Amino acid sequence: MNRIAGKGVNMETKEGRKVVTIPDLITVRQLAELLGVSPIEVIKELIADGIMANINQTIDYDTAAVVASDMGFEPREEAPPPLPEVEAPPAPLTEVPLREIYAQEAPEDLEPRPPVVTVMGHVDHGKTTLLDAIRETNVVASEVGGITQHIGAYQAEKKGRKITFIDTPGHEAFTAMRARGAQVTDIAVLVVAADDGVMPQTKEAIDHARAARVPMIVALNKIDKKDADQERVKRQLAEVGLTVEEHGGEVICVPVSAKEKEGLDALLEMILLVADLSELRANPHRPAMGTAIEGKLDRSRGPMATVLVQNGSLKVADNLVVGSIYGRVRAMFDYQGKPVKKATPSTPVAILGLSDVPRAGDTFEVMPHEKRAKTLAQERAEREAAGERRLPRLSLDEIYDQMQAGKVKELLVILKGDVQGSLEPVRNSLERLGDENLRVRIIHEGTGNITESDVNLAIASEAIIIGFNVQAEPTARSMAEMEGVEIRQYEVIYKLIEDVDKALQGLLEPVYEDVVLGQAEVRAVFHISRRGKVAGVYVEEGEIRRNAQAKVIRDGEVLYDGQIASLKRFTEDVKEVAAGFECGIGLDGFEDFEEGDIIEAYKKERVG
Ligand code: GDP
């Protein structure tokens, strides 16, 4: 393309592309001037990239560079102003609980923010239909859209006020995010079908919301159905500890029909009422922090994430770190796909410009410099790779020590049993244990196998899981192992109660079992100066490991039981030697080897 050089063009590349130096932020008009093209052409290019911008809109370097490059220029970034001297970087805010962050803000900086709502309840009770119905009736239509897909959250409007709805219903997603350290929901709407009543997942949802200390509003759905029985459901709710206002309790219950779009206004009003009681506030006048609620790889745009701003305001061109990912906000879209430059607290926005796709529940924070965002992200990735857990978990063995240290006053338990009938005696006995210093509190109980949702709840609440005559699902077990959540399984009530009782009194001894790793036969005995005698052996079975324990067995009798002190192949120290190889073994405090002795390597494994 042959163009008249604009004022930013100062040299050419070998291929004849004109080099243009573009600053960090630039308006569409300025970019057009730099390139020496008409602003309309720039706007057209932006539209082709999915960005709706007017002539005075500011775009960041990354966006401008794409436009310039598409128009045949060679973009270069103008050297940023020198970084101010920074002392030790401040501790990342995302590692501090949100409640404390709000509390640290100066009261005059705080402004009301919309409530963030998650819809929960039993399957088929109408969660999705309700979310759709609210979106259809209470979202103000917008004309321009830069992206068309749903972004995982939306905002409804009622009486000129906004309410943010998380678009993934269910307590599983809610608790999975909490397990990652995120706290996004202010109010839970519990959907209960009036024709079906309180079901197992209704109870589960109630426990999960309670464990998170999130206020609940009941949406009594499907009131249009012939067999709807509102009174019956209210009674059932009272039985599980949710007494509605009409029955003298404090829980707000709104009859609705998601299908007929009835009662939705009342529901939204009640959400605003509960929000007012909670005095939801945040400081919009500072760099943003919040949580990623969805992430995906867009084929043409690259990593795309929906983030919920929880404090501060997020702006285009902000550098941020999300979990162990960093990036710079290249473009930002609201829930209607409209490009926006700024997102205030409780606003969900889809952002482009991250280096990778974050996970739901990863918290994000804006950093003053890209470099700091990058290093923090790298540090976190390394910590994750090293298998470091985010929260120290509690096990039954440790409960007494933790109590002594004044760290816990309650042992939180998730109890799963085979049938309802067996849960009750277990619960009653457990709740009688302990004293005023340390008690058992059952945060969730239910029938059926131990699931991932149970493990997430345990992570989020620092609870242990006790299974009575049930199995842990394989995915739940591997997740528990990875996250260090303790699952204890019992088949006899008295053993279960005895163990927990002992744990509360600090009497529980962990049970270990020997697991044989391998066997070797002594073929020769060597004397090594300074070291003493070592056995030259042939490994017959399994493997011998340097850090294992070992027994020396002669004629069926165990002569020694201790620790391997050295393991060598020829003169090299090695970590392990497999069957079929020879090696030298030195033992800690034993030298009287004889040819024909068996050395058995084993490790101790916790079984209880
Ligand atoms: P979810 O599993 O809780 O998300 O439930 P859905 O929203 O998928 O709804 C399950 C079924 O109940 C669907 O067939 C809906 O059409 C139906 N449904 C949802 N709300 C209502 C309602 O208010 N009245 C009636 N009659 N049916 C409803």
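The answer below starts with one interface and then moves on to helices and single residues.

Analyst: This is a predicted model, in which local features need pLDDT of at least 70 and side-chain atom pairs count only at pLDDT 80 or more, while totals for chains, interfaces and linings use all residues. Residues are numbered from 1 along each chain as its sequence is written, and side-chain values use heavy atoms, with hydrogens and water left out.

The domain assignment divides the chain into domain 1 (2-77), domain 2 (110-282), domain 3 (289-385), domain 4 (399-509) and domain 5 (514-607); such bounds come from an automatic or database assignment. With contact meaning heavy atoms within 4.5 Å, 27 residues of domain 2 are in contact with 30 residues of domain 3. The size of an interface is often given as the accessible area lost when the parts come together. On that scale, domain 2 and domain 3 bury about 2200 Å² between them, 58% of it on carbon and sulfur atoms, where buried area is the accessible area (1.4 Å probe) lost by two parts on being put together, summed over both.

Between these two domains the count is one salt bridge, defined as a side-chain nitrogen of Lys or Arg within 4 Å of a carboxyl oxygen of Asp or Glu. D362 also forms a salt bridge with R180, and the closest N and O atoms of that pair are 3.0 Å apart. Eight residue pairs, both members at pLDDT 80 or more, are in polar contact across the interface of domain 2 and domain 3; a polar contact is a pair of N or O atoms within 3.5 Å, where within protein one must be able to donate a hydrogen and the other to accept it, and residues adjacent in sequence count only if both atoms are side-chain atoms. On the side of domain 2 that touches domain 3, β8 (153-158) and β9 (161-166) each supply at least two residues, and β8 gives the most, with three. By class, that side of domain 2 has 15 nonpolar, 10 polar and two charged residues. Here Ala, Val, Leu, Ile, Met, Phe, Trp, Tyr, Cys and Pro count as nonpolar, Asp, Glu, Lys and Arg as charged, and the others, Gly among them, as polar.

The wider chain gives this interface its setting. The chain has 15 helices and 33 strands, these being DSSP runs numbered from the N terminus (helices H or I, at least four residues; strands E, at least two). Of its 608 residues, 49% count as buried, with buried meaning under 20% relative accessible area, exposed over 50% and partly exposed in between (1.4 Å probe, protein chains only).

V191 lies in strand β10 (residues 187-193) and is buried at 0% relative accessibility. Apart from neighbours within four places in sequence, V191 has contacts that include V119, H122, L130, A219 and N221.

K234 sits in helix α8 (residues 230-239) and, at 7% relative accessibility, is buried. Not counting residues up to four places away in sequence, K234 touches L220, V244, E246, H247 and C253. K234 also forms a salt bridge with E231, at 3.9 Å between the closest N and O atoms; the two residues are three apart in helix α8, which means a separation of about one helical turn. E231, at 39%, counts as partly exposed.

R135 is buried at 18% relative accessibility, whereas D132 is partly exposed at 29%.

Finally, helix α13 (residues 452-461) has nine of its 10 residues buried. The elements that cover those buried residues include α6 (171-179), α7 (200-211), β22 (410-417) and α14 (474-483). Just after α13, E462 takes a positive phi of about 55°.
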